[in-house]
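Dear colleague,

My notes on what was found follow directly after.

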2 protein chains.
Amino acid sequence: MARYESPAWQMGQRVRLDVTNLMATAVGPDNGVDEAELERIGPRAAQALERLGDLRARGQVEWMDLPYQHETVERIITTADRLASACDTFVVLGIGGSALGTIALRTALLHPFHNQLRPDQRNGRPRLYVLDNIDPDLIAGLLDLIDPQRTIFNVVTKSGSTGETMAQLAVVRERLKTALGARAAEHIIATTDPTQGDLRRLAEREGYQTFDIPPTVGGRFSVLSPVGLLPAAVVGIDVRELLAGAAEADRYCRGRDLEANPALFLAAALFLLYQRGKTITVMMPYSQRLRDIADWFRQLWAESLGKIRRVDGRVEHVGMTPIKALGVTDQHSQVQLYMEGPADKVFLFVAVDRYDRTVEIPSSGTGLSSLDYLGGHTLNELINAERIATTLALAEHHRPSCTFELPEVRPFTVGQLLYTLEVQTALIGDLLEINPFDQPGVEAGKIATYALMGRSGYEEQARVIRAKLGQARRVI
Amino acid sequence: MARYESPAWQMGQRVRLDVTNLMATAVGPDNGVDEAELERIGPRAAQALERLGDLRARGQVEWMDLPYQHETVERIITTADRLASACDTFVVLGIGGSALGTIALRTALLHPFHNQLRPDQRNGRPRLYVLDNIDPDLIAGLLDLIDPQRTIFNVVTKSGSTGETMAQLAVVRERLKTALGARAAEHIIATTDPTQGDLRRLAEREGYQTFDIPPTVGGRFSVLSPVGLLPAAVVGIDVRELLAGAAEADRYCRGRDLEANPALFLAAALFLLYQRGKTITVMMPYSQRLRDIADWFRQLWAESLGKIRRVDGRVEHVGMTPIKALGVTDQHSQVQLYMEGPADKVFLFVAVDRYDRTVEIPSSGTGLSSLDYLGGHTLNELINAERIATTLALAEHHRPSCTFELPEVRPFTVGQLLYTLEVQTALIGDLLEINPFDQPGVEAGKIATYALMGRSGYEEQARVIRAKLGQARRVI
């Protein structure tokens, strides 16, 4: 692990968490946490940490060890460099955890208009598309755009049988066969379970190159596995640095001291606030590039924590509803509600100290007051002033918030943020006494879909559903 | 108004609202509405409708009359056709209500990769960008991409003084002056209040072409004004058909009969469900193209209804928290929470009967069961099967939902949907006894921003804020 550690650029690149406005001292006792509570919950939080460490030692949460998969990473980079010169377009076929991490990395770490740049402007790296829906207008629309000769498809499904992804694969496989004949298989790469599932079997049979998703890495914890790393490496993101960031977070998210472990502090604080009715978690980065990290977090948080059954079997509806917001944009959409509406929210802001670019606001020379005060400043100053202003105004309205502070948006800081949020999610799952690693609630919908699509073995369900759909509807 | 009515394609293009799964008969008495309640609330809902009609008659809700602004529309279309041939890129500078409607129209009614198509594939129409943030990485990134000679900027702000938009304008105006000299003004079009504000003054002084936002059309109700119509017309969207759709909705959203007025029924039902703890409204279109209508609705709903003060002065935190979701994508992200988590949500699905494209799923011939059941179907069938499956599964979990059914995604149906949602928002605001047309809660943040940016007149606030920021912070 030494090779990924401590080059000079890491200096000053630690992500910090400002929790000032989570405290009762800032937002009042009904809306913030106080020292006595934190002290009381300390041992319980430490237990959660210990249990997570036990799971890790038993190999049941391999996502925690992804920062250290050096051989895999070197193979990914070698493959990615080869692919980058063999294609001009790289398309991920995947949904949910097979897509959201890749989208988050792409938005955070590429030029905001990467796919519209000329090849030389993107260092000869391919365009990247992630097809995470089956809307025929979307799929046909993308097929309008690409040349099969110059396109590689990366099919990603842990189970190897996800309906949407298999449907996309069937469409793409046929197109490739028509266009390329026997060479079609060279244009498909499968990322899936090492041994199980239909995609694994198909890959073996047709000779697709494959990458493994370790068995105990669930979709929503898979961004640092080949699921996210291969596409990222193909478009030139420094995945070694990304993992070094995750390793850094692994280091500081291990300690029992709440004051030194952001994942543990935040899990404890959000758990305490949940108990007093803060059931909605708003993640609001003040960075266009970090907005899809909020969307990635939305899956992590919702699917991990939204559960009907406690680990001891008690039945109760548990869960915090995540919301992705975007600063400053959503100040003009959601902040009215956040200030004056129900006091049911906690805000996780993400701040950026130094944006990659600096844009000066020229003095207008017009004498118009709404232009004059801006002249001579930068957009960089303005966006951070608005972030601070919003945080302060929310605190005055007794709305609790905290802020992840990224010195810059780069792989090392993004790796820290992703890993910290994963650990935090596992820890709060323990505090809530639910299993954060399963998703039993999506089964009913899957079965109903199989039934409606006429899959064999689901004839009885199909009969029941048809009967239900045949009943009178109320339509206006 | 005759000219926009009843061409042959309107046949069968009525948007319908299926409310079956909002009813207690489908989801149980704790989670659905029953006939007796609906009967009881009928007169109160009719009053709300009447009061809205009174406001309209007094000219205080001009957004309701936007479907009938024929002269303005003809001027927009003439201008748009001229602009479309004069530029290859059209950039909107605006935020909140000045951006969200345009984004919604763009995503719904253009090719999903419009900006990446060749000019001939987009009928010679320009690329369209909406800059609704001030992140310097975003702004500089877009400036990398465009040629000032071939770009028109549409600055949109109702007040004529929105900080973010004025900052963008200052940046762009300077770039244009450097590149084009005296011809810079021909590349800026201002959409703002007819007489008031700094942008109006600047436009007059510098000779920008302008379009008016009628005085009682607030930002979040402005999509059918020149705010949304000009950019839409520039890229070739049929804005006459869009307004014909809105006029059609105006026709069916006038009646007092709940069973025939979707806006009134939904306002009443969501109000009743809010009173029993359904405080979160999830809009989930099963269409990639309609996803930004959910984002537009998010502003409409949050900013209109999130209020601390009732119209009679009582202080109480009111509001429903909107969430934008996307089918089928979010089945793999949010549906676990929706099924098993807290019973605090109502779902507004949007269905599409006929997508523009049909994508067949070929038979794979592999004998693999997770591919075999899909072969011979279409993605169109699959997406609708998943929507129905999710709706049914939610109902089984006692989670109420309704579905807007669009025969197709086209201007006529989109116009109906937007207008219906606007009327519904105004009506539920009345039922909640709040003012849905103001947004006092964003003032504190604006003032703090002025103070932090050193605007004159805000020196005292700046002193207070600096003192607060100088206090000890708790950072992990």
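In chain A, strand 2 (residues 89-93) runs parallel to strand 4, and five bridges join the two. Please bear in mind throughout that this is a predicted model. Within that pairing, Val92(A) stands opposite Asn154(A) of strand 4. Strand 4 of chain A also pairs with strand 5 (residues 188-192) of chain A, again in the parallel sense, over four bridges. Here Val155(A) has Ala190(A) in strand 5 of chain A as its bridge partner.

Strand 4 of chain A, residues 151-156, is mostly covered, with six of its six residues buried. In a regular strand, side chains alternate between the two faces of the sheet. In strand 4 of chain A, Thr151(A), Phe153(A) and Val155(A) point one way, while Ile152(A), Asn154(A) and Val156(A) point the other way, and all are buried.

A second sheet in chain A

Chain A also holds an open sheet of five strands in the order 1-12-11-7-10, with mixed pairing. Its edges are strand 1 (16-18) and strand 10 (321-324) of chain A; each has a single partner strand, so one side of each is left without a neighbour in the sheet. On average, and with direction ignored, neighbouring strands of this sheet are turned by 20 degrees against each other. Strand 7 (residues 280-285) and strand 11 (residues 345-352) of chain A form a parallel pair over six bridges, in which Met283(A) stands opposite Leu348(A) of strand 11. Helix 14 (residues 379-396) of chain A packs on the sheet, where it touches strand 11 and strand 12 (401-406) of chain A, and its direction makes about 160 degrees with that of strand 11.

Chain A further contains a hairpin formed by strand 8 and strand 9, with five residues between them. Gly313(A), in the turn, has a positive phi of about 100 degrees. Strand 8 (residues 307-309) and strand 9 (residues 315-318) of chain A pair in the antiparallel sense over two bridges, and Arg309(A) stands opposite Val315(A).

Helix 11 (residues 291-305) of chain A has 15 residues, which at 1.5 Å a residue should span 21 Å; its end C-alpha atoms are 21 Å apart, which agrees. The helix is mostly covered, as 14 of its 15 residues are buried.

Is Glu422(A) buried or exposed? Glu422(A) has 27 C-beta neighbours inside 10 Å, and a residue counts as buried at 20 or more, so Glu422(A) is buried. Leaving aside residues up to four places away in sequence, Glu422(A) touches Trp63(A), Phe221(A) and Leu300(A). The C-alpha atoms of Glu422(A) and Arg314(A) are separated by 25 Å, and these two residues are 108 residues apart along the chain.

The sheet of chain B

In chain B, an open sheet of five strands has the order 1-12-11-7-10, with mixed pairing. Strand 1 (16-18) and strand 10 (321-324) of chain B stand at its edges with a single partner strand each, so one side of each has no neighbour in the sheet. The twist from one strand to the next averages 20 degrees. Strand 1 of chain B runs antiparallel to strand 12 (residues 401-406) of chain B and is joined to it by three bridges; Asp18(B) stands opposite Thr403(B) there. Helix 11 (residues 291-305) of chain B packs on this sheet, touching strand 7 (280-285) and strand 10 of chain B, and its direction makes about 170 degrees with that of strand 10. Of the 15 residues of helix 11 of chain B, 14 are buried, so the helix is largely enclosed by the rest of the structure.

How the two chains meet

Chain B can be laid on chain A with an RMSD of 0.0 Å by a turn of 180 degrees and a shift of 0.0 Å along the axis. That is the relation of a two-fold axis. The contact takes 120 residues from chain B and 119 residues from chain A. On the side of chain B that touches chain A, helix 14 of chain B gives the most, with twelve residues. The residues of that side divide into 58 nonpolar, 39 polar and 23 charged. Of the interface residues of chain B, 98% are also interface residues in chain A, so the copies meet through the same surface.

With kind regards

Technical notes. Residues are numbered from 1 along each chain as its sequence is written. Chains are lettered from A and ligands numbered from 1 in the order in which they are written. This is a predicted model: local features need pLDDT of at least 70, side-chain atom pairs count only at pLDDT 80 or more; totals for chains, interfaces and linings use all residues. Copies are superposed by least squares on the C-alpha atoms of residues with pLDDT of at least 70 in both. Two residues are in contact if their C-beta atoms, placed from the backbone, lie within 7 Å. Two strands pair if DSSP finds at least two bridges between them. Axes are lines fitted to C-alpha atoms, for helices over the stretch in contact, and angles run from 0 to 180 degrees between N-to-C directions. Ala, Val, Leu, Ile, Met, Phe, Trp, Tyr, Cys and Pro count as nonpolar, Asp, Glu, Lys and Arg as charged, and the others, Gly among them, as polar. The expected span of a helix is 1.5 Å times one less than its number of residues. A residue is buried if 20 or more other C-beta atoms lie within 10 Å of its own, exposed if 12 or fewer, and partly exposed in between; C-beta atoms are placed from the backbone.
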